[in-house]
Amino acid sequence: VKKIFIIFIFFLSTNNSIAFEYSSNFTINDFKKAQNDGKVVVVYSWNKFCGTCAKQKPILKQAQKDFESLIFMNYEQTKHKDIAKFLKIDFWSTIAIYKNNKEINKSIGLTNKEEIYSLIKKGI
């Protein structure tokens with residue numbers, strides 16, 4: 001029992017160390033407007049305690065600079081279940097690409113810059 005307690009405490013302390021601050025910028029109205037205007041929209045679903053999400057964040061921030069003509073939107077999955085339901089996204093660390101009111105591609109858990117950029121380029 002003591003070992004389980006120690007492992008549990010270790011897990012909690014490790015889990016808190018990966019928390020990161022990021023604010024959601026997704027609104028359904030802005031998403032619909034961008035789609036109706038013919039824009040490619042990259043949507044990112046995250047959670048502040050997700051290690052994979054923490055690895056994706058800097059790559060996606062750089063992608064916003066490298067793909068200036070695209071719209072990047074994100075939301076915290078656990079706080080915005082209405083958005084998740086609207087987009088049919090069930091998991092944290094999901095990156096989805098939308099164009100012409102259609103989902104072009106979606107992937108969960110990518111942390112490699114080249115793979116994320118390849119996913120994004122499929123929408124261009």
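Helices (H or I, at least four residues) and strands (E, at least two) are DSSP runs, numbered here from the N terminus.

**Figure 1. Overview of the predicted model.** The model shown in these views is predicted. Its chain holds five helices and four strands, which follow one another along the sequence in the pattern α-α-β-α-β-α-β-β-α. The chain has 124 residues, of which 37% count as buried. Among contacts between residues at least 6 apart in sequence, 69% join residues at least 24 apart.

**Figure 2. Close-up of the largest nonpolar core.** This core has 20 residues, and Ile95 and Ile120 touch the most other members. Two or more residues come from each of strand S1 (41–46), helix H3 (51–66), strand S3 (94–99) and helix H5 (113–121). Leaving aside residues up to four places away in sequence, Ile120 touches Val42, Leu60, Ala63, Phe67, Leu70, Phe72 and Ile97. Another core, of 13 residues, lies apart from the largest one; Phe31, Tyr75, Ala96 and Tyr98 are among its members. In soluble globular proteins, nonpolar side chains tend to be buried together.

Figure 3. Helix H2 spans residues 28–36, and its buried residues are Phe31, Ala34 and Gln35. Seen down the axis of H2, these buried residues fall within an arc of 100°, so they line one face of the helix. An α-helix has 3.6 residues a turn, so residues three or four places apart point the same way. Asn29, Lys33 and Asn36 are exposed on the other side of H2. The cover over the buried residues of H2 includes strand S1, strand S2 (71–76), helix H4 (81–87), strand S3 and strand S4 (102–108). Gly38 follows H2 and has a positive phi, near 80°.

**Figure 4. Close-up of the packing of helices H3 and H5.** Two packed helices are described by the angle between their axes and the distance between the axes. For H3 and H5 the angle is about 45° and the axes are 10 Å apart. Angles under 35 degrees count as roughly parallel and those from 65 to 115 as roughly perpendicular; H3 and H5 are therefore oblique to each other. Their crossing is right-handed. From H3, the residues in contact are Gln56, Ile59, Leu60, Gln62, Ala63 and Asp66, which meet Lys113, Ile116, Tyr117 and Ile120 of H5. Of these, Ile120 also touches Phe67, Leu70 and Phe72, among others.

Figure 5. Glu76 belongs to strand S2. Buried means under 20% relative accessible area, and Glu76 has a relative accessible area of 6%, so this residue is buried. Not counting residues up to four places away in sequence, Glu76 touches Ser24, Trp46, Asn47 and Lys48.

Figure 6. Lys88 lies in the loop between H4 and S3. Its phi is near 60°, a positive value in a residue other than glycine. With a relative accessible area of 65%, Lys88 is exposed. Asn100 is in the loop between S3 and S4. Asn100 is not a glycine either, yet its phi is positive, about 55°. The relative accessible area of Asn100 is 46%, and the residue is partly exposed.

Definitions and conventions. Residues numbered from 1 in each chain as written. Predicted model: local features only at pLDDT ≥ 70, side-chain atom pairs only at ≥ 80, totals over all residues. Heavy atoms only, no water. Core = buried A, V, L, I, M, F, W, Y, C linked by side-chain atoms within 4.5 Å. Buried < 20%, exposed > 50% of the residue type's maximum accessible area, 1.4 Å probe, protein only. Contact = heavy atoms within 4.5 Å. Arc of directions from axis to C-beta. Axes fitted to C-alpha atoms, helices over the stretch in contact; angles between N-to-C directions. Parallel < 35°, antiparallel > 145°, perpendicular 65-115°, else oblique. Left-handed = near helix turned anticlockwise from the far one by under 90°.
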